[in-house]
Amino acid sequence: MRQFNVESEPEMRAISDFAVSMGVTAPVAIRVNPDVDAKTHEKIATGKSENKFGIPIARARAVYAEAAALPGLRVVGVDVHIGSQLTELAPFEAAFRKVRDLTLQLREDGHQIRRLDLGGGLGIPYMRSNDQPPLPTDYGAMIQRVLGDLGCEIEIEPGRLISGNAGMLVAGVVWVKNGEGRDFLILDAAMNDLVRPSMYGAHHDIIPVIEGAPGAPTQPFDIVGPVCETGDTFAKAREMPLLAEGDLVAFRSAGAYGAVMASEYNSRPLVPEVLVMGDHYAVIRERPTFDEMLSRDRLPPWL
Ligand SMILES: Cc1ncc(COP(=O)(O)O)c(C=O)c1O
């Protein structure tokens with residue numbers, strides 16, 4: 001067993017009790033909340049004191065003392081994760097410096113800290129045009145500079161960085177609708193398939209699957225889904241080629257926090273997933289049928 005990353009004192013005590021009942025000792029790293037502004041969207045920032053995650057770093061020494069005294073636990077490291085889609089290294093560095101100071105203090109207190117789990121969070125470019133998050137190599141060099149002399153094993157948990165640009169959501173244009181002062185592209189994909197735009201106001205580049213000729217005319221469209229919520233909007237006044245009903249568009253960078261956050265809201269079956277490699281492709285998760293979706297419901301015997 002490698003380690004449990006512990007989020008709170010009650011969880012720590014519960015893990016100890018379980019371990020004792022099983023006759024084992026659980027290796028733990030305690031997630032500390034360094035109270036650092038990750039400078040990312042507030043809903044995916046996790047390292048400020050007002051966020052629910054980890055234990056306040058100011059209380060860490062006391063919590064580590066309790067962990068060391070619990071019979072089912074063995075302290076092996078420190079864990080931190082300050083948020084997702086970070087586009088600057090400075091917040092990471094601020095957090096890692098605090099983890100460094102804490103590690104030295106904990107060692108003085110007699111704990112054997114040999115592993116640092118630094119979480120995930122490194123952002124990816126969502127807009128072809130202007131955002132340039134730090135390169136993984138620069139992130140690695142910073143970790144080496146700040147923590148490299150501690151003799152600790154370093155763990156990282158990148159998520160979006162690995163999968164974000166590995167996936168696209170392909171959707172069809174159902175209707176092109178002329179509104180009052182704006183035109184809408186109504187797609188067959190909706191907020192249930194890719195919730196990031198309606199949940200976080202996130203930007204996804206949306207491109208036609210068949211690229212137009214260079215210099216082909218464009219116009220602004222509001223790009224929306226068919227669900228009865230105004231939040232079911234992917235983009236407003238997005239400059240797009242003159243698409244027609246039946247054309248396909250692709251949402252770029254939809255491989256992270258995309259399908260995994262999808263729901264069957266409005267009885268919309270989850271989209272199928274297709275794995276593509278070179279000129280090979282395969283459906284690796286089928287679209288459920290309505291019968292499959294409905295067959296999960298149960299009538300209670302008293303109804
Ligand atoms: C503890 C932890 N580690 C890693 C990740 C992955 O983050 P990201 O996809 O931003 O790399 C998350 C995401 O929420 C997380 O909560």
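Reader: Which elements cover the buried residues of α3?

Author: Keep in mind that this is a predicted model. The α3 residues that need covering include F92, F96, V99 and L102, which are buried. Their cover draws on both strands and helices, and it includes β2 (26-33), α2 (60-69), β4 (73-79), β5 (115-117) and α4 (136-147).

Reader: So within what arc do the buried residues of α3 fall, seen down its axis?

Author: Start with the list: P91, F92, A95, F96, K98, V99, L102, T103 and L106 are the buried ones. On the other side of α3, D101, L104 and E108 are exposed. The buried set lines one face of the helix, because its residues fall within an arc of 155°.

Reader: How far does α3 reach from its first C-alpha to its last?

Author: The helix runs over residues 90-108, so 19 residues in total, and at 1.5 Å a residue you'd expect 27 Å. The model comes out close to that, with a reach of 27 Å.

Reader: Moving to the ligand, how many residues of the shell around it are charged?

Author: The residues around the ligand include H81, S84, Q85, E157, R160 and A256, plus the glycines G119, G120 and G121. Sorted by class, three of the shell are nonpolar and seven polar, which leaves the charged ones at two.

Terms used: Residues numbered from 1 in each chain as written. Predicted model: local features only at pLDDT ≥ 70, side-chain atom pairs only at ≥ 80, totals over all residues. Near = placed C-beta within 6 Å. Nonpolar A, V, L, I, M, F, W, Y, C, P; charged D, E, K, R; others polar. Helix = DSSP H or I, 4+ residues; strand = E, 2+ residues; numbered from the N terminus. Buried ≥ 20, exposed ≤ 12 C-beta atoms within 10 Å, placed from the backbone. Arc of directions from axis to C-beta. Contact = placed C-beta atoms within 7 Å.
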